Amino acid sequence: MSEHIQKSTYSPEPRDIIITIPNALSLLRIISIPIVAWLISRHSMIPALIVFAFSAVTDFFDGALARKLNQVSKLGQILDPCADRLLIFCTILALGIAGIIPWWIFIVVVVRDVVMAIEILWLAQYGYGPLPVHFVGKAATALLMISMVALVVADIGTGTPFHVLHLFALAVGIWGVVLYCLAGFIYLRQGSGVIRKELRAWKEARR
């Protein structure tokens with residue numbers, strides 16, 4: 001058993017419950033994501049920022065309420081990171097469609113997430129839960145979120161301050177993508193080690 005990944009483990013004391021307030025908030029956040037993407041693609045940035053704010057509030061309260069109300073669930077621990085990944089994916093796609101960022105950023109993020117999705121599904125075949133979040137992954141997500149919001153704000157105006165903000169946000173986003181890929185490499189190493197161990201155990205069991 002890997003010290004990094006344990007079978008069927010999530011956050012502290014998750015329960016097999018589905019209908020909870022935190023899960024409802026996570027679902028609302030997921031539903032808001034295509035709205036944000038549509039608004040950004042149309043350069044409707046002020047409404048997009050309002051929906052972004054709603055998403056951030058629900059992101060904060062779903063975790064806080066889950067702990068406070070003792071409603072930490074396995075479903076919730078899947079919905080929350082999925083919402084983050086979907087928000088990054090859809091927002092970067094919308095920014096590319098709007099011509100605000102170069103398309104290579106979107107392509108890199110998609111390739112990284114596809115590789116991670118394959119690994120997670122592979123691990124699930126052996127009964128393993130989601131990979132533990134690494135601080136590099138948290139830093140990458142934070143930088144990407146900051147960059148996306150700043151790029152949306154920068155698109156509101158046309159003056160020099162907005163142009164400078166756009167360049168700053170783009171730089172932050174590139175660093176975020178670098179860390180995002182680095183975190184993916186870390187997760188890939190963690191997961192591949194467990195998969196190799198399981199394959200060896202399977203081969204030995206067949207002898």
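## Two annotated spans

Take residues 46-65 to begin with: the stretch is 100% helix and 0% strand, and its end C-alpha atoms sit 29 Å apart. Helices here are DSSP runs of H or I with at least four residues, strands are E runs of at least two, and both are numbered from the N terminus. Residues 131-153 come out at 83% helix and 0% strand, with 33 Å between the end C-alpha atoms.

Both spans come from the UniProt record, an unreviewed entry, where "transmembrane region" covers residues 21-40, 46-65, 86-111, 131-153 and 165-188. UniProt positions follow the numbering used here, feature names are shortened, and annotations may be inferred rather than shown by experiment.

## About the model

This is a predicted model: local features need pLDDT of at least 70, side-chain atom pairs count only at pLDDT 80 or more, and totals for chains, interfaces and linings use all residues. Numbering runs from 1 along each chain as its sequence is written, and side-chain values use heavy atoms, leaving out hydrogens and water.

## The chain overall

There are 6 helices and 0 strands, so to speak a plain α-α-α-α-α-α pattern along the sequence.

The chain exposes about 11,800 Å², with carbon and sulfur atoms supplying 70% of that. Areas come from the Shrake-Rupley method with a 1.4 Å probe, and for residues only the protein chains shown count as cover. As for contacts (heavy atoms within 4.5 Å), among those between residues at least 6 apart in sequence, 82% join residues at least 24 apart.

## A nonpolar patch

Ile97, Trp103, Ile107, Val111, Val115 and Leu188 make a nonpolar surface patch of about 530 Å². Patch residues have over 30% relative accessible area and no salt bridge; like charges are joined within 9 Å, nonpolar side chains (Val, Leu, Ile, Met, Phe, Trp, Tyr) within 5 Å. A salt bridge puts a side-chain nitrogen of Lys or Arg within 4 Å of a carboxyl oxygen of Asp or Glu. Helix H4 (residues 103-124) gives the most to the patch, with 4 residues.

Val115 lies in helix H4 and Leu188 in helix H6 (residues 160-206). Val115 is partly exposed at 34% relative accessible area; Leu188 is also partly exposed, at 34%.

Setting aside neighbours within four places in sequence, Leu188 touches Val115, Met116 and Glu119. Leu188 and Met116 are 72 residues apart along the chain, yet their C-alpha atoms are separated by 7.2 Å.

Conventions:
Buried means under 20% relative accessible area, exposed over 50%, partly exposed in between (1.4 Å probe, protein chains only).
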